[in-house]
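Please look over the chain shown below before reading on. The briefing that follows starts with a term it will need and then goes from the whole chain to single residues.

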Amino acid sequence: VFIIAVPLLLYFYKEYHRRSADITSVAPVLKVSADTIINQYENDETAANRQYLGKAIQVNGAVTQIIHQQDTLINVMLGTDGTMHKVSCLLDKRHSSLIDQYKTGQQIIIKGICTGFLLDVELNRCVIVEK
């Protein structure tokens, strides 16, 4: 029992503490503006999912809001003020310190994995693309 239990516990411990892969070096499949991707999801969510879902995409747009949800969770909202939907970019915590140089209204380029459309277009594991 001990011979089986120890490797099994080590495996579960390793999996529990595993980090997601850093996408800094991943080339984006598509480059798009925040307003364009929002319009595509508003007009035809199924077609937009076929084009973006599960892929690394690069989105440029104006920062409308920076939300510090917890010490390590930072969500950057891109789009146009006054519109209902935005692009919600959840920053990878390894790269969250770069957001300190940006303020609301500034243009930014963010790369992330598209996970679909809820109230906003959702991007996860995001990194800020340096110009």
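A polar contact is a pair of N or O atoms within 3.5 Å; within protein, one of them must be able to donate a hydrogen and the other to accept it, and residues adjacent in sequence count only if both atoms are side-chain atoms. In this sense, the side chains of His95 and Asp22 are joined by a polar contact of 3.1 Å. The model is predicted, so that local features need pLDDT of at least 70 and side-chain atom pairs count only at pLDDT 80 or more, while totals for chains, interfaces and linings use all residues. Residues are numbered from 1 along each chain as its sequence is written, and side-chain values use heavy atoms, with hydrogens and water left out.

**The chain as a whole**

- The chain holds three helices and six strands, where helices (H or I, at least four residues) and strands (E, at least two) are DSSP runs numbered from the N terminus.
- Followed along the sequence, these elements give the pattern α-β-α-α-β-β-β-β-β, and the C-alpha trace spans about 60 × 35 × 25 Å along its principal axes.
- Of the 131 residues in the chain, 37% are buried, a word that stands for under 20% relative accessible area, with exposed meaning over 50% and partly exposed in between (1.4 Å probe, protein chains only).
- Among the contacts (heavy atoms within 4.5 Å) in the chain with a separation of 6 or more, 60% are between residues 24 or more positions apart.

**Charges and the salt bridge**

- The mean positions of the 13 positive and 13 negative charges lie 8 Å apart, with Lys and Arg counted as positive, Asp and Glu as negative, and His and the chain ends not counted; each charge is placed at NZ of Lys, CZ of Arg, CG of Asp or CD of Glu.
- A search of the whole structure finds one salt bridge, that is, a side-chain nitrogen of Lys or Arg within 4 Å of a carboxyl oxygen of Asp or Glu.
- The partners are Asp92 and Arg94, whose closest N and O atoms are 2.9 Å apart; Asp92 is buried at 7% relative accessible area, whereas Arg94, at 31%, is partly exposed.

**His95 in its loop**

- His95 sits in the loop between β4 (87-91) and β5 (107-117), and it counts as buried because its relative accessibility is 17%.
- Apart from residues up to four places away in sequence, His95 touches Asp22, Thr24 and Val127.

- Thr64 belongs to strand β2 (residues 56-68) and is buried at 13% relative accessibility; beyond its neighbours within four places in sequence, its contacts include Met77, Leu78 and Thr104.
- Gln58 also lies in strand β2 and counts as buried because its relative accessibility is 13%.
- The C-alpha atoms of Gln58 and Lys31 are 4.7 Å apart, although 27 residues separate the two along the chain, and Lys31 is one of the residues in contact with Gln58, among them also Pro28, Ile109 and Val129.

**Arg125 in strand β6**

- Arg125 is part of strand β6 (residues 121-128), and with a relative accessible area of 31% it is partly exposed.
- Leaving out residues up to four places away in sequence, Arg125 touches several residues, including Ser20, Leu90, Asp92 and Gly112.
- The C-alpha atoms of Arg125 and Lys55, which are 70 residues apart along the chain, are separated by 11 Å.
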